[in-house]
Every structure is written in C-alpha cells, then in structure tokens.
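Keep the structure open while you read.

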Amino acid sequence: MASPELIRVGLDPLLWIHTKLFISDIFALKEAPGGLYKLGEHAIRMVELCGLIVHMEQRKKANILTLDDGTATIPFVIWNSDDGSRDCTHELGTLVRVRGAIDCYQGVLQVKASLVVVETDGNHEVLHWLAAMHARRHYALPVPSPVSHEPRGENAQAAEPSEAEVIAARLAAQGEEIRFSTSDLEGLFPDKNPDFIVELLVRSGLAFKEQRRIMLIAGPLRDSILAILKQHANEQGVGQSLVEACLRRDARFANLTRTIVINALDRLLASNAIYEVLSLFLSPYTHTHTL
C-alpha cells in the first residue's frame, strides 16, 4: 500500500509536467528524497527553460552546453548516441528551448536534456518569461491531499467491494480478453440484465462503451499501462503520447482512441495502483555518471 505522502506527491500535477521556470528559480529549489526538488510545497523533477547557448564542451559520452536566460546560467547535457555519434549540432548564441530533468552531478546542478528545440522566433523567449511569471501563481497553490487514508486498527475490516468491482473482477479473470459484447455478459451473468451491467461499469469508471461492446479497464489494459509506467518512470517522465504509442504496439490495443487512453489514465490516477509503481522512483537513489 502506498504511503499517504507518496500518494500526495503523485497527485501533484507539477510532478508530471515540464515546469516552466527561470534558471535562477532552479538554484532556489530545495532537494527532496527520490531525486526530486521542492518548489514551495510542490515536488518537481522536470523543467522547461529558454535561453541562449553561451558555452559548449564536448566529452566522450556527451555534449555539455551552458544555457543563459538572463537570470543565471546552467549546464544541460545532451548524451551521444549509442554508436558514439554526436547528436549536438547547435552553435553558440543559438536561442533554444530545453526540456529535461534536474540533476546534481558532482555537486553542480544541471539539466539532463530530453528535448532541445531551436527557436527561430526571438519572441519565444519573451513568451517563456511571461509564462513562467504567470505560472508562479499556480506554483503557490497547495498540493492536493488524498481523499482519505486513515490508519486502520488491527480489527478493522476492509471495505466490501462494490457490485461494479465484483463484476469487473470477474471479467478481468477471463484471461486476455478486454472487450465484451452483450451476449458475453449474458453468458457470464445470466441473472443480470446486460444493459444494466454496461451502465453500471461505465458509470463506475471501470469500463468504456464501444458501440455494442464494452472495454474493460481492469485486467490486460490496466496491467499494460502500469507496465509502461514502470518501464519509463525513471527516464524523462511518462506522457500520454508515450503511453498511447506503447499501447498501440500491442495488437489488442491497436485501435484504442485517445479518449479511452486518457480516461484509463484518469481512472488509474484515482486509484492507489499507480502509486505503487511511482514508489519505484520516488524512493531515494544515487546518481552516478561518467562523462
């Protein structure tokens, strides 16, 4: 069971986005466990910056560039390809937008870049400044709290599963099947009206309606999404597009709509299951790099 503090951190939207900051804001952050940094009450690990490249250094495994946005400077790292080729073609004085994870290497803060975009319109730097200043009002808001995580006594009993949860669990036990027609529901639940089952599962957020069938969130779809999150959690963040792309490599999910993926993620975010995965990278760990 994930701890209340872990759930509280996971509920914070700022943990899952590239937070728009000034470079000087990064040096004002306080380090937190698990490779995170505290922005007020919020825990963040990914940032978006905009500025000019003012220094470049090539090393065996990476290129280290220095970004200057007028408030401070910070190095950001672009790792070379596995074959040793150089991926960095940027020049000094280029205006770039950088996304990546904050990292501390040998006592020096840096950004491990996952995206570097050359901005040909100089107005983008001003727009970034405005966005960063505007976002500060949101950064000042408190972190969402879990609905309820009261400690249980030794004799406390777990809450009984709802009727919808019982039905979803039985459907999930049918193996790799994720779609069920009304005739399937009639066969599995002869004492219940299939239309009632469909309405109950959809209303409870446990399934989606697809014409004359339902798609179950529990079972293979849920397990596949959690596996994707677990695989990519320690990288540069897990976005909706990445989850979609990974799911569609599986023939079972090749025709998933974006709406279904979003709703499935929302459902998992509302449950504790996703935070058990997050605990894998929210626990303290040590960065070791050799450049």
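Strand 3 (residues 36–39) and strand 4 pair in the antiparallel sense, joined by 3 bridges. Before going on, a word on where this comes from: the model is predicted, so local features need pLDDT of at least 70 and side-chain atom pairs count only at pLDDT 80 or more, while totals for chains, interfaces and linings use all residues. Residues are numbered from 1 along each chain as its sequence is written, and side-chain values use heavy atoms, with hydrogens and water left out.

Helices (H or I, at least four residues) and strands (E, at least two) are DSSP runs numbered from the N terminus, and two strands pair if DSSP finds at least two bridges between them. Back at that pair, Leu39 has His42 in strand 4 as its bridge partner. The two strands belong to an open, antiparallel sheet of 3 strands in the order 2-3-4. Strand 2 (30–32) and strand 4 (42–44) are its edges, each pairing on one side only. Neighbouring strands here are turned by 45 degrees against each other on average, direction ignored.

Zooming out, the chain has 10 helices and 12 strands. Of its 291 residues, 43% count as buried (buried means under 20% relative accessible area, exposed over 50%, partly exposed in between, with a 1.4 Å probe and protein chains only). Taking contact as heavy atoms within 4.5 Å, residues 24 or more positions apart supply 63% of the chain's contacts with a separation of 6 or more.

Now for the helices. What is the angle between helix 4 and helix 6? Helix 4 (residues 163–172) packs on helix 6 (residues 194–203) at about 105 degrees, with the axes 9 Å apart. That makes the two roughly perpendicular, a label for angles of 65 to 115 degrees (under 35 is roughly parallel, over 145 roughly antiparallel, the rest oblique). Axes are lines fitted to C-alpha atoms, for helices over the stretch in contact, and angles run from 0 to 180 degrees between N-to-C directions.

On the helix 4 side, Glu163, Ala164, Ile167, Ala168 and Leu171 meet Phe196, Ile197, Leu200 and Leu201 of helix 6. Ile167 is worth a click: this helix 4 residue is buried at 2% relative accessibility. Beyond its neighbours within four places in sequence, Ile167 touches Phe189, Lys192, Ile197, Leu200 and Leu201. The C-alpha atoms of Ile167 and Leu200 are separated by 9.4 Å, although the residues are 33 apart along the chain.

Further along is another open sheet of 3 strands, antiparallel and ordered 10-12-11. Strand 10 (179–181) and strand 11 stand at the edges with a single partner strand each, so one side of each has no neighbour in the sheet. The twist averages 30 degrees from one strand to the next. Here are the pairings in this sheet:

| Strands | Sense | Bridges | Residue pair |
|---|---|---|---|
| Strand 11 (207–210) and strand 12 (213–216) | antiparallel | 4 bridges | Ala207 with Leu216 |

The hairpin of strand 11 and strand 12 has 2 residues between the strands, and Gln211 takes a positive phi near 55 degrees there. Gln106 also has a phi near 55 degrees, a positive value in a residue other than glycine. Gln106 sits in the loop between strand 8 (95–105) and strand 9 (108–118), and is exposed, with a relative accessible area of 68%.
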